[in-house]
Amino acid sequence: MSVGLSIVAIPIARKIGARFTNLIGIIIYGTGLVASGFAVHSVGGMFVACGVSYGLSIALIYTMTNSLPVQWFHKRLGAANGIVKLGGGIGATIMALITGVLVEKLGVAWTFRIMGLLSLATGVPAAFLIRERHPAGGSFVIDWSMFKDASFCYLLASGAIGVFAVYVPSFFLPYVGNSIGLSNSTVSGVVACFNASMAIGRLGSGYACDQFGAINMMLSTMALNAITFFAIWSFSSTLAVLIVFSILNGMANGAFFVTLPTAIARHVGPSRASAAISVTITAWAPGLLLGNPIAGFLIDATGADKGTSILLYRPAIYYAGGAALISTALVFVVRLRASSNITKRL
């Protein structure tokens with residue numbers, strides 16, 4: 001829901017503006033967490049209080065984080081997107097640490113309630129600080145004629161297919177680490193390395209988009225993603241190799257969420273960027289819904305989670321790498337359509 005409803009956020013923002021769209025999202029998010037504290041013993045209750053509220057609220061908030069920088073930045077749009085996405089990464093890291101302590105000290109129910117109240121206390125004032133450079137009605141309009149643009153469609157498809165791969169490493173790295181004999185503490189360090197590299201990728205790719213071109217960086221990002229799957233992760237039978245994969249793939253993983261919206265915005269222009277990015281993010285829904293389950297099915301089929309070799313994980317790794325490779329090919333087509341001069345900044 002968090003990406004599938006992104007396109008719904010556009011008409012809402014058009015009616016009430018980005019400030020109140022974010023405010024509604026924050027209120028739903030915070031109250032949903034508080035309600036989850038009272039539903040921890042009910043699966044159905046958690047689906048509504050936690051699942052539905054999270055999906056709806058993040059659809060509103062995440063759409064605005066991708067749309068607002070376009071209004072304020074042009075030459076430094078990549079850097080702006082990178083800083084915004086870095087902020088989300090920092091928040092997630094801090095929340096993960098706080099959540100671990102709260103669960104240990106107070107239990108799951110009170111952790112939900114406290115995190116909900118903290119989200120409301122910090123998010124509501126932040127929402128009131130949001131400003132729009134252009135009137136809401138003119139900024140959030142979906143121009144369906146952009147689907148006549150083949151390059152836009154290729155970029156949209158690249159993101160929709162590429163997202164099948166990007167969450168596979170963060171979800172399955174712990175299983176791979178344990179399978180090759182690493183301790184839980186060592187595996188936690190590998191995952192932390194992956195997350196830190198994601199943060200570096202988000203910030204660095206944003207600045208790189210401004211220097212070398214967003215489409216060029218999107219192509220490099222997906223190529224690096226594919227290469228790390230096939231050439232490194234599939235041979236990660238030692239800690240050293242697994243760390244190399246975590247660093248390089250983490251950087252590519254983080255860059256994906258910056259380079260794609262920046263490339264879309266650059267391609268369609270400021271007037272259509274907000275809606276184009278929202279449509280593109282909506283297309284991620286199948287990948288987020290099915291990407292990890294497909295990898296999990298392949299791991300179950302080979303019995304990799306019960307084995308002691310990276311070889312058993314290769315079908316799942318090759319599946320993710322294949323998705324990244326197709327995504328790379330689609331961006332490459334966009335690059336060739338724009339210019340055959342590989343040194344040109346695009």
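**Figure 1. Phenylalanine 332 in helix 13.** Phenylalanine 332 lies in helix 13, which spans residues 314-338. The model shown here and in the other views is predicted. Phenylalanine 332 counts as partly exposed, at 42% relative accessibility.

**Figure 2. The aromatic pair of tyrosine 167 and phenylalanine 257.** The model's count of aromatic pairs comes to 13. In this one, the ring centres of tyrosine 167 and phenylalanine 257 are 5.9 Å apart. Their planes stand at 55°, so the pair is tilted. Tilted pairs fall between the limits for stacked (under 30 degrees) and edge-to-face (over 60). Tyrosine 167 sits in the loop between helix 6 (150-166) and helix 7 (168-179). Phenylalanine 257 belongs to helix 10, residues 239-268. The pair therefore ties together parts that are 90 residues apart in sequence. Tyrosine 167 is partly exposed, with a relative accessible area of 35%. Phenylalanine 257 is buried, at 6%.

Figure 3. The rings of phenylalanine 256 and tryptophan 284 have centres 5.4 Å apart. This pair is tilted too, because its planes are at 40°. Phenylalanine 256 lies in helix 10. Tryptophan 284 lies in the loop between helix 11 (270-282) and helix 12 (285-302). The pair thus ties together parts 28 residues apart in sequence. Both phenylalanine 256 and tryptophan 284 are buried. Ring pairs join Tyr167, Phe256, Phe257 and Trp284 into a cluster.

**Figure 4. Valine 163 and the residues it touches.** Valine 163 is part of helix 6. This valine is buried, with a relative accessible area of 1%. Leaving aside residues up to four places away in sequence, valine 163 touches Phe256, Trp284, Gly287 and Leu288. Among them, Phe256 and Trp284 also belong to the ring cluster. Alanine 226 is 63 residues from valine 163 along the chain. The C-alpha atoms of valine 163 and alanine 226 are separated by 12 Å.

**Figure 5. Helix 7 against helix 10.** The axes of helix 7 and helix 10 come within 12 Å. They cross at roughly 175°. That makes helix 7 roughly antiparallel to helix 10, because angles over 145 degrees count as such. From helix 7, the contact is made by Pro169, Leu173, Val176 and Gly177. Helix 10 contributes Leu242, Phe245, Ser246 and Asn249. The contact residues divide into five nonpolar, three polar and no charged.

**Figure 6. Alanine 199 and glycine 254.** Alanine 199 is found in helix 8, residues 184-212. At 25% relative accessibility, this alanine counts as partly exposed. Glycine 254 is 55 residues from alanine 199 along the chain. Their C-alpha atoms are separated by 6.3 Å.

**Figure 7. Two arginines over phenylalanine rings.** Arginine 113 lies over the face of phenylalanine 38. The distance to the ring centre is 4.2 Å. In the second case, the charged end of arginine 314 sits over the ring of phenylalanine 235. Here the distance to the ring centre is 4.7 Å.

Technical notes
Residues numbered from 1 in each chain as written. Predicted model: local features only at pLDDT ≥ 70, side-chain atom pairs only at ≥ 80, totals over all residues. Heavy atoms only, no water. Phe/Tyr/Trp six-rings, centres within 6.5 Å; stacked < 30°, edge-to-face > 60°. Helix = DSSP H or I, 4+ residues; strand = E, 2+ residues; numbered from the N terminus. Buried < 20%, exposed > 50% of the residue type's maximum accessible area, 1.4 Å probe, protein only. Lys NZ or Arg CZ within 6 Å of the ring centre and 35° of its normal. Axes fitted to C-alpha atoms, helices over the stretch in contact; angles between N-to-C directions. Parallel < 35°, antiparallel > 145°, perpendicular 65-115°, else oblique. Contact = heavy atoms within 4.5 Å. Nonpolar A, V, L, I, M, F, W, Y, C, P; charged D, E, K, R; others polar.
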